[in-house]
Amino acid sequence: MVGRKTRKARAAAAVFAAAGAVSAASAQAAVAAPEDGPRHCVVDLRGGERSCFSSFTDAVAAATDGRITDAPASPRRAAGDTAFRAEAKGLAASAEAARSSDVIQGTFFEDENYGGDSLTVYGAAPCEKDGWVDYQLDLSDDWKNKITSVQPWANCWIWLYPEPGLNGDRDGPFKENTPNIGPFMNDRTQSIGFS
Ligand SMILES: [Ca+2]
Ligand SMILES: [Ca+2]
């Protein structure tokens, strides 16, 4: 029994030490994100304006100009929430009809299964299926080489590229929620096309 306890204590000490090392390494990042836990950012494709929140609910409210204020706090839960998906879809349809309001075109995640930091991209209208890329985004430095899971919205297909300006290899289209984009482009994306 004593031996087992000692092993456990040693294991705990090792975990603690590892956590300490991670904290030290990410001290710089902690300045930009004072709160613990994932950051949920939104970016306006038209001007590149970006804001970040500690809850996904607040991020979606910002991306939809306050028209969806009850998105699940966790994007992982939002992915399986049919009511939320229907609401976002309805919003995209009405935006297309009105041609006047913001729609979410895609959400991108640091970890697999929609975990970690998220980046919600929104703009003027849903994508048109005409064989052309409708919108594109060059990721900011803190989002380069990080994306592992994706959610397309507003009739958009998502294309991922390892260089800015839609250059380099291409992966996609991702047409559905994708909990893991796979090894080819994992942690390599630097720009995104929406078609
Ligand atoms: Ca198009
Ligand atoms: Ca990742």
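This is a predicted model: local features need pLDDT of at least 70, side-chain atom pairs count only at pLDDT 80 or more; totals for chains, interfaces and linings use all residues.
How many bridges join strand β1 to strand β2, and in which sense do the two strands run? Residues are numbered from 1 along each chain as its sequence is written, and chains are lettered from A and ligands numbered from 1 in the order in which they are written.

To the opening question, then: 4 bridges join β1, residues 40-44, to β2, residues 50-53, and these strands run antiparallel. Two strands are said to pair if DSSP finds at least two bridges between them, and within this pair V42 has S51 in β2 as its bridge partner. The hairpin has 5 residues between the strands, and there G48 takes a positive phi near 75°.

Along the sequence the pattern reads α-α-β-β-α-α-α-β-β-β-β-β-β-β. Of the 195 residues, 32% are buried, a word that here asks for 20 or more other C-beta atoms within 10 Å of a residue's own, with exposed meaning 12 or fewer, partly exposed the range in between, and the C-beta atoms placed from the backbone.

Strand β8, residues 171-174, contains P173, which is joined to G172 by a cis peptide bond with omega of about 5°.

Let me turn to the interior. A nonpolar core is a set of buried Ala, Val, Leu, Ile, Met, Phe, Trp, Tyr and Cys residues joined through C-beta atoms within 7 Å, and in the largest one, with 39 residues, I104, A154, I158 and L160 touch the most other members. Among the elements that give two or more residues to this core are β1, α3 (56-63), α5 (82-98), β3 (103-111) and β4 (115-123). Taking I104 as an example, and leaving aside its neighbours within four places in sequence, its contacts are A63, T64, A88, T120, Y122, W153 and A154, a contact being two residues whose C-beta atoms, placed from the backbone, lie within 7 Å.

Which residues of α3 are buried? They are F56, A59, V60 and A63, and seen down the helix axis they fall within an arc of 95°, so they line one face of the helix; the arc is that of the directions from the helix axis to the C-beta atoms. In general, an α-helix has 3.6 residues a turn, so residues three or four places apart point the same way. The cover over the buried residues of α3 includes β1, β2, α4 (75-79), β3 and β4, and after the helix comes D65, whose phi is positive, near 60°.

Finally, two loop residues. N113, placed in the loop between β3 and β4, has a positive phi of about 55° although it is not a glycine, and N113 is partly exposed, with 13 other C-beta atoms within 10 Å. N145, in the loop between β5 and β6, is likewise a residue other than glycine with a positive phi, near 60°, and with 12 C-beta neighbours inside 10 Å N145 counts as exposed.
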